[in-house]
Amino acid sequence: MRPEASIAIQTLPQFVSGDDVLRIVDKVIDYIKSTGLKTVVGPFETVIEGEFDKLMDIAKECQMICIREGAASLLTYIKIAYNPNGGTWSIDEKTAKHI
């Protein structure tokens, strides 16, 4: 069965040192992976698939993690694929032929 939605999320903590940027981003990725949803970490963004409302909650929590970890502000780029009626292509459907 296809997932209802997938998102690609990139968080960019602002006004922190270089090493802190990576530390904060690692915290965000650890959180995303802890959700148990299908996740693929890439060099620029992390892709997650699942139920739309759950993905939106995860995206919100990613913002809060950055602030709690010391970022004064952040930029976040999110791409959303959403189809409540027939699902959207899964990560595997999109990438399997390229692996």
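Trainee: Why is strand 3 (residues 46-50) largely enclosed by the rest of the structure?

Mentor: This is a predicted model, in which local features need pLDDT of at least 70 and side-chain atom pairs count only at pLDDT 80 or more, while totals for chains, interfaces and linings use all residues. Residues are numbered from 1 along each chain as its sequence is written, and side-chain values use heavy atoms, with hydrogens and water left out. Strands are DSSP runs of E with at least two residues, and helices are runs of H or I with at least four, both numbered from the N terminus; buried means under 20% relative accessible area, with a 1.4 Å probe and protein chains only. Strand 3 is largely enclosed because, of its five residues, the number buried is four.

Trainee: Which residue in strand 3 stands opposite Val 40?

Mentor: Strands pair if DSSP finds at least two bridges between them. Strand 2 (residues 38-41) runs antiparallel to strand 3, with four bridges, and a hairpin of four residues joins the two. Opposite Val 40 stands Val 47.

Trainee: How many bridges pair strand 1 (residues 5-14) with strand 3?

Mentor: Ile 9 stands opposite Thr 46 in strand 3. The two strands pair in the antiparallel sense, and the number of bridges is five.

Trainee: Which residues touch the most other members of the largest nonpolar core?

Mentor: A nonpolar core is a set of buried Ala, Val, Leu, Ile, Met, Phe, Trp, Tyr and Cys residues joined through side-chain atoms within 4.5 Å. The largest one has 15 residues, and those touching the most other members are Ile 32 and Ile 48.

Trainee: Which element supplies the largest share of this core?

Mentor: Strand 1, helix 1 (18-34) and helix 2 (52-68) each supply at least two residues. The largest share, six residues, comes from helix 2.

Definitions and conventions
Buried < 20%, exposed > 50% of the residue type's maximum accessible area, 1.4 Å probe, protein only.
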